[in-house]
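Please read them with the structure open.

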Amino acid sequence: MENNIFVALAGAIIMWNLVVFTLYGIDKRKAFKGEWRISEKTLLWSSFLFGGIGALLGGKYFHHKTQKWYFQVVWYLGVVVLMATLYALVVFNHFN
């Protein structure tokens, strides 16, 4: 039972990071076309809240927001938040 929760959580994290990766791609396409963009606040919060890996990969893959230092800081902070949360869950035996 607990293993199923861990698998579901891992799946949710993977899906969220795919969503964040896609957000960066959509925003880059909109920027290229001169259309209404996704707000920087949305991109930053989605990156920080467990989406750092998707944001980091999306930023690098789409060459988007790579020149803005604060995006890079939030990408790495998002990765740290995600890894720290997963570490805490494993260490505190929530999923044996």
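Does Lys-68 count as buried, partly exposed or exposed, and at what relative accessibility?

1. Lys-68 counts as partly exposed, since its relative accessibility is 31%, where buried means under 20% relative accessible area, exposed means over 50% and partly exposed lies in between, with a 1.4 Å probe and protein chains only.

2. On provenance, this is a predicted model in which local features need pLDDT of at least 70 and side-chain atom pairs count only at pLDDT 80 or more, while totals for chains, interfaces and linings use all residues. Residues are numbered from 1 along each chain as its sequence is written, and side-chain values use heavy atoms, with hydrogens and water left out.

3. The count of salt bridges comes to 3, a salt bridge being a side-chain nitrogen of Lys or Arg within 4 Å of a carboxyl oxygen of Asp or Glu. In one of them Lys-68 pairs with Glu-40, with the closest N and O atoms 2.5 Å apart. Because Lys-68 sits in the loop between H3 and H4 whereas Glu-40 belongs to helix H2, this pair ties together parts that are 28 residues apart in sequence; helices here are DSSP runs (H or I, at least four residues), numbered from the N terminus.

4. Glu-40 also meets the side chain of Lys-65 in a salt bridge, at 3.1 Å from N to O. That pair links distant parts of the chain, 25 residues apart, with Lys-65 in the loop between helix H3 (52-62) and helix H4 (69-91) and Glu-40 in helix H2. Lys-65 counts as buried because its relative accessibility is 12%, whereas Glu-40, with a relative accessible area of 26%, is partly exposed. Through shared partners, salt bridges join Glu-40, Lys-65 and Lys-68 into one network.

5. A further salt bridge is formed by Arg-37 and Asp-27, whose closest N and O atoms are 3.0 Å apart. Arg-37 lies in the loop between helix H1 (2-33) and H2 and Asp-27 in helix H1, so this pair ties together parts that are 10 residues apart in sequence. Arg-37 is partly exposed, with a relative accessible area of 33%, while Asp-27 counts as buried at 0% relative accessibility.

6. Leu-43, which lies in helix H2 (residues 40-48), counts as buried because its relative accessibility is 0%. Leaving aside residues up to four places away in sequence, Leu-43 touches Leu-23, Tyr-24, Asp-27, Ile-38, Lys-65 and Phe-71, contact meaning heavy atoms within 4.5 Å. Leu-43 and Trp-75 are 32 residues apart in sequence, and their C-alpha atoms are 9.9 Å apart in space.

Technical notes
Helices (H or I, at least four residues) and strands (E, at least two) are DSSP runs, numbered from the N terminus.
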